[in-house]
Amino acid sequence: MSGDVSVQLRPGSRRLDSEPLSEQVYQVLRDAICDGVFGDHTHLVQGELAAQLNVSRTPVRDALLRLSQEKLVRAVGARGYIVEALSERDILDIYEVRLTIEVQGALLALPNFAAADLRRIQDINDNINNFDYADADPYELNLDFHMAVIEPCPNRLIVKIVRDTWDQPMSRRIYRRQLAAHHDQPRQIDEHEPILAAIRERDGEALEIALTEHLVEARIATSRFLASSSEKIGE
């Protein structure tokens with residue numbers, strides 16, 4: 001593990017009312033991988049991580065085992081774990097689900113949108129437009145936008161599947177690659193506007209087109225960034 005890369009627990013982590021230490025360690029390491037603090041192929045050593053986080057090896061071991069089950073790291077025997085590289089298959093898996101389930105959920109939700117629902121989506125998009133990296137997580141704001149689009153869907157199983165897909169650590173990791181590929185928020189705002197307009201007009205065909213195009217563009221941008229990064233590594 002590179003000496004100039006470090007992680008730490010959040011303030012108040014050892015309060016009696018805080019989450020279990022193993023869960024906190026898992027979240028810190030998960031976010032470090034998803035946000036690129038630990039890059040692809042980084043070697044993670046239990047002892048070094050435990051020392052950085054000022055915890056015993058047990059919560060670190062448990063967290064790394066959980067991350068390996070989520071395909072974010074891979075065990076390399078006694079040498080610890082390696083951060084798995086994001087693959088084209090990872091990207092396709094996430095977007096195949098979203099293009100099928102999320103689009104269908106939005107279409108089923110469309111007849112049920114109330115004025116308050118529209119205001120909420122517009123407010124979320126405005127927040128995305130005006131967000132400050134120091135005060136907000138763009139991933140969480142984007143998640144809020146997409147969940148608000150399907151929240152009125154009467155099929156609660158679809159809503160749960162979409163939420164579970166977004167909650168996958170791989171989804172956060174892919175979104176970070178999208179940000180790196182886009183380099184700016186205005187593009188995301190521009191792609192959200194046709195979705196909002198279609199909902200306002202209760203136009204199912206326009207909504208299907210706008211949401212599908214948005215997801216396809218995100219998938220393509222992420223795939224291109226991944227290919228570009230792989231080429232640079234191979235140089």
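Asp 31 counts as buried in the predicted model, with a relative accessibility of 14%. The partner of Asp 31 in a salt bridge is Arg 30, and the closest N and O atoms of the two side chains lie 3.0 Å apart. Arg 30 likewise counts as buried, at 18% relative accessibility. Both values fall within the buried class because that class is defined as under 20% relative accessible area. Side chains of opposite charge can pair when their charged atoms come close. In total, the structure holds 11 salt bridges.

A further salt bridge joins Arg 172 to Glu 140, with 2.8 Å between the closest N and O atoms. This pair connects distant parts of the chain: Arg 172 belongs to helix H8 (residues 169-182) and Glu 140 to helix H6 (residues 138-150), and the two residues are 32 residues apart. Arg 172 is buried, at 11% relative accessibility, whereas Glu 140 is partly exposed, at 31%. The two partners therefore fall on either side of the limit of 20% relative accessible area under which a residue counts as buried.

The side chains of Arg 89 and Glu 96 also meet in a salt bridge, with an N to O distance of 3.3 Å. Arg 89 is partly exposed, at 43% relative accessibility, and a relative accessible area of 43% likewise places Glu 96 among the partly exposed residues. Together with Asp 93, Arg 89 and Glu 96 are linked in a network of salt bridges.

Negative charge also gathers on the surface, in a patch that consists of Asp 123, Asp 126, Asp 190 and Glu 193. Two helices, H5 (115-130) and H9 (186-200), each supply at least two residues of this negative patch. Asp 123 is placed in helix H5 and is partly exposed, with a relative accessible area of 46%.

Of the 235 residues in the chain, 44% are buried. The chain exposes about 12,000 Å², and carbon and sulfur atoms supply 50% of this area. Among contacts in the chain with a separation of 6 or more, 72% are accounted for by residues 24 or more positions apart.

Backbone geometry was examined in two loops. His 41, although not a glycine, has a positive phi of about 75°. The place of His 41 is in the loop between helix H1 (21-34) and strand E1 (43-44). Arg 202, also a residue other than glycine, has a positive phi near 55°. Arg 202 lies in the loop between H9 and helix H10 (204-234), and is partly exposed, with a relative accessible area of 39%.

Note on methods:
Residues numbered from 1 in each chain as written. Predicted model: local features only at pLDDT ≥ 70, side-chain atom pairs only at ≥ 80, totals over all residues. Heavy atoms only, no water. Patch = residues over 30% accessible without salt bridge, like charges linked within 9 Å, V, L, I, M, F, W, Y side chains within 5 Å. Areas by Shrake-Rupley, 256 points an atom, 1.4 Å probe, with all protein chains shown as cover. Salt bridge = Lys/Arg side-chain N within 4 Å of Asp/Glu carboxyl O. Lys, Arg positive; Asp, Glu negative; His and termini not counted. Charge placed at Lys NZ, Arg CZ, Asp CG, Glu CD. Helix = DSSP H or I, 4+ residues; strand = E, 2+ residues; numbered from the N terminus. Buried < 20%, exposed > 50% of the residue type's maximum accessible area, 1.4 Å probe, protein only. Contact = heavy atoms within 4.5 Å.
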